[in-house]
Amino acid sequence: MEVKLREIQKTATEEILNVKDKKELNDVRVKFMGKQGLLTSILRGMKDLAEEERKTVGALANVVRGEIENNINLKMKMFEAEELERTLNSEKIDISENAVGIEKGALHPVSRVINKLVDICVAMGYEILQGPEVETDYYNFEALNIPKNHPARDMQDSFYISDNILMRTHTSPMQARTMEVRKPPFKIIVPGRVYRNDNDSTHSPVFHQMEGLVVDENISMADLKIQLNIMMQRLFGENIKTRFRPAFFPFTEPSIEVDVSCPNCGGTGCRICKGTGYLEMLGAGIVNPKVLEMSGIDSKKYSGFAFGTGIERPAMVKNSITDMKSLFKNDIRFLKQMK
Ligand code: PHE
């Protein structure tokens, strides 16, 4: 019986070594280990052996069975690995194909000016607020002391939604909205989109402004001038000069307009400043006491200043652009040239 077992061990090992696929391997398994298998029938015949012999033969039979099983498993693993390798090779995807370069995005010139102005003002202690773009006649005009017959209310200049509702024509409505709900002192800026029925090379129906409002005790024109000087110098560079001219706005009294020496030519005159050496940048002034009172602020105790700056103008100057529309066409070739 021992001899038979050794023989089975030898032939099984050889046959397992020589099988060519899973099916052949399975046939070998059935041949030796199946119900009618060679090894199985030997194991079955063990019960007829004498006690002593059964022990030694049993031990050997176990070794042989273990070895055959082990070899079959190893061979099976080898076939499976080969199969996996074949599928991996046949289903290979070349992910390096058609690789296109990554296009790097950048902020729009208008966003860059807004971010810069906001940074400058936050460093100076201003708080950022935002207001509705669809506004009531009351906040856009009435609360700012703009009377019913004022030309700014003309259908030609404003986009009306209904008799009393319009697209805000400036960021100034947030002056009144803020004064109504806050107790002085406060120091706020309001960047945002505004709308006017204008459309030519220096006007767009949608553009951007940033409002500023400071209300406290003893606020004067001197405070306004120093704040605007610092802001303009931080925006355009230390070397620019500012020029304050008298102007008129119904909601400020006195009112001024602020010019900045042309950062492009340094004030000698060029195509950007149309030869004048200066660029008009802001409207500003001391908040009209009437406006303070209308919004519930005691004008005997408090005073304030307000300013409103366009965003497109500085963006155009900084990038030497003369056509405002080019900022809104979203032509990537144009935007890529922006600094
Ligand atoms: N709202 C004014 C405009 O759009 C600018 C301005 C703001 C003027 C604040 C004075 C004070 O022209």
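Predicted model: local features only at pLDDT ≥ 70, side-chain atom pairs only at ≥ 80, totals over all residues.
E5 has another partner to show you: strand E4, residues 186-195, pairs with E5 in the antiparallel sense over 10 bridges. If you'd like a spot to look for there, find Tyr-195, which stands opposite Val-206 in E5.

So how enclosed is strand E5 by the rest of the structure? Of its 11 residues, 206-216, 9 are buried, so E5 is largely enclosed by the rest of the structure.

Now let's step back to the whole chain. It is divided into domain 1, residues 2-91, and domain 2, residues 109-337. Taken over C-alpha atoms, the centres of these two domains are separated by 91 Å.

Finally, come with me to two helices, H2 (residues 22-33) and H4 (residues 51-90). They pack at an angle of about 170°, and their axes are 10 Å apart. An angle over 145 degrees counts as roughly antiparallel, so that is how H2 lies relative to H4. On the H2 side, the contact is made by Lys-22, Leu-25, Arg-29 and Met-33. From H4 come, among them, Arg-65, Ile-68, Glu-69, Ile-72 and Phe-79. And what kinds of residues make up this contact of H2 with H4? They divide into 6 nonpolar and 7 charged, with no polar ones.

Notes:
Residues numbered from 1 in each chain as written. Heavy atoms only, no water. Buried < 20%, exposed > 50% of the residue type's maximum accessible area, 1.4 Å probe, protein only. Helix = DSSP H or I, 4+ residues; strand = E, 2+ residues; numbered from the N terminus. Pairing = 2+ DSSP bridges. Axes fitted to C-alpha atoms, helices over the stretch in contact; angles between N-to-C directions. Parallel < 35°, antiparallel > 145°, perpendicular 65-115°, else oblique. Contact = heavy atoms within 4.5 Å. Nonpolar A, V, L, I, M, F, W, Y, C, P; charged D, E, K, R; others polar. Domains from an automatic or database assignment.
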